[in-house]
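Dear colleague,

Please find the structure below, handed over for your study.

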Amino acid sequence: MKINILAFGIAKDIFGGSTISVELANDASVYNLKYSLEQQYPRLKKLATYMVAVNNEYALPEDTIYETDEIAIIPPVSGG
Amino acid sequence: MQTEIKISPQTLDIQACINWVMLPESGGIDVFIGTVRNATKGKTVLRLEFEAYEKMAISEMEKIATQALAKWPVQKLLIHHRTGVLAVGEVPVIIAVSAAHRDAAFEACRYVIDTLKQTVPIWKKEIFKDGEVWVAAHP
């Protein structure tokens with residue numbers, strides 16, 4: 001399946017845009033997504049940490065991703 | 001409405017925030033005002049740029065507000081956050097909390113700003129004379 005990913009903060013710089021599209025297996029997990037992104041964009045591994053949000057909630061590595069989900073990459077937050 | 005949560009590209013209005021939380025029943029209001037500092041680790045900061053994942057940021061701020069209301073006897077609670085380009089001295093965030101007694105207002109206000117900084121998907125970039133950096137991105 002092809003999923004679109006939203007990027008914010010430094011993730012936008014790493015991906016070279018505010019959205020990218022990634023090809024994933026149909027039952028892919030958040031862990032699979034992170035692994036796949038890190039192969040394509042090794043700079044992700046240099047971040048202090050980063051999270052994946054699925055439908056506006058922080059997701060766990062074992063959570064499954066569905067084609068209709070809104071996926072976002074959340075680098076370390078720094079609001080306030 | 002006990003809480004007001006807003007993300008805005010417009011200048012935040014401190015007095016309006018205080019007025020919004022004030023009730024006749026209030027014994028005190030605690031306000032945290034974040035301001036853009038002119039330096040980081042000795043380097044002059046020219047400006048900050050804030051970006052938000054707005055939908056999720058609102059939902060995370062709502063969670064924090066709900067938690068604060070459950071933990072302390074607070075009357076009204078407001079969180080306003082700016083986005084866009086901010087100059088030194090401008091205000092990126094205002095937290096205002098009213099309560100019958102000050103302890104609850106102080107503690108809830110501190111909890112809200114501390115938790116916001118940890119969980120709400122908002123990012124700031126510091127712009128220096130000789131470069132720029134996304135705050136907290138790298139270890």
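A:Asn55 is placed in the loop that runs between strand E3 and strand E4 (57-58) of chain A. Helices (H or I, at least four residues) and strands (E, at least two) are DSSP runs, numbered from the N terminus. The phi angle of A:Asn55 is near 50°, a positive value in a residue other than glycine. Most residues other than glycine have a negative phi. A:Asn55 counts as partly exposed because 14 other C-beta atoms lie within 10 Å. Here a residue is buried if 20 or more other C-beta atoms lie within 10 Å of its own, exposed if 12 or fewer, and partly exposed in between, with C-beta atoms placed from the backbone.

Please note that this is a predicted model, in which local features need pLDDT of at least 70 and side-chain atom pairs count only at pLDDT 80 or more, while totals for chains, interfaces and linings use all residues. Residues are numbered from 1 along each chain as its sequence is written, and chains are lettered from A and ligands numbered from 1 in the order in which they are written.

A positive phi is also found in chain B. For B:Ala136, which is likewise a residue other than glycine, phi is near 70°. B:Ala136 belongs to the segment after E9 of chain B, and it is partly exposed, with 18 other C-beta atoms within 10 Å.

Chain A: helix H2

In H2(A), the residues A:Val30, A:Leu33 and A:Leu37 are buried. They cover an arc of only 60° around the axis, so they lie on the same side of H2(A). The arc is that of the directions from the helix axis to the C-beta atoms. An α-helix has 3.6 residues a turn, so residues three or four places apart point the same way. Strand E2 (19-23) and strand E3 (51-54) of chain A are among the elements that cover the buried residues of H2(A). The face turned away from the buried side carries the exposed residues A:Tyr35 and A:Gln39.

A:Tyr31 also lies in this helix, which spans residues 30-40. With 15 C-beta neighbours inside 10 Å, A:Tyr31 counts as partly exposed. Leaving aside neighbours within four places in sequence, A:Tyr31 is in contact with A:Pro61 and A:Glu62. Two residues are in contact if their C-beta atoms, placed from the backbone, lie within 7 Å.

Chain B: the sheet

Chain B has an open sheet of four strands, in the order E1-E5-E7-E2, with mixed pairing. Two strands pair if DSSP finds at least two bridges between them. Strand E1 (3-8) and E2 of chain B stand at the edges with a single partner strand each, so one side of each is left without a neighbour in the sheet.

E7(B) pairs with E5(B) in the antiparallel sense over seven bridges. Seven bridges also join E2(B) to E7(B), and these two strands run antiparallel. B:Leu77 stands opposite B:Val97 in E7(B). B:Ile95 in E7(B) is the bridge partner of B:Ile79, and B:Phe32 also stands opposite B:Ile95.

How many residues of E7(B) are buried? Seven of its seven residues are. On one side these are B:Val93, B:Ile95, B:Val97 and B:Ala99, and on the other B:Ile94, B:Ala96 and B:Ser98. In a regular strand the side chains alternate between the two faces of the sheet.

Helix H3 (residues 102-119) of chain B has 18 residues. Its buried residues are B:Ala104, B:Ala105, B:Ala108, B:Cys109, B:Val112 and B:Leu116. Seen down the axis of H3(B), they fall within an arc of 120°, so they line one face of the helix. They pack against strand E2 (28-34), helix H2 (54-71), strand E5 (74-82) and strand E7 (93-99) of chain B. On the other side of H3(B), B:Arg102 and B:Gln118 are exposed.

E8(B) and E9(B) form a hairpin with two residues between them. Strand E8 (residues 122-128) and strand E9 (residues 131-134) of chain B pair in the antiparallel sense over four bridges.

Between the chains

Finally, 16 residues of chain A are in contact with 24 residues of chain B.

Yours sincerely

Technical notes
The expected span of a helix is 1.5 Å times one less than its number of residues.
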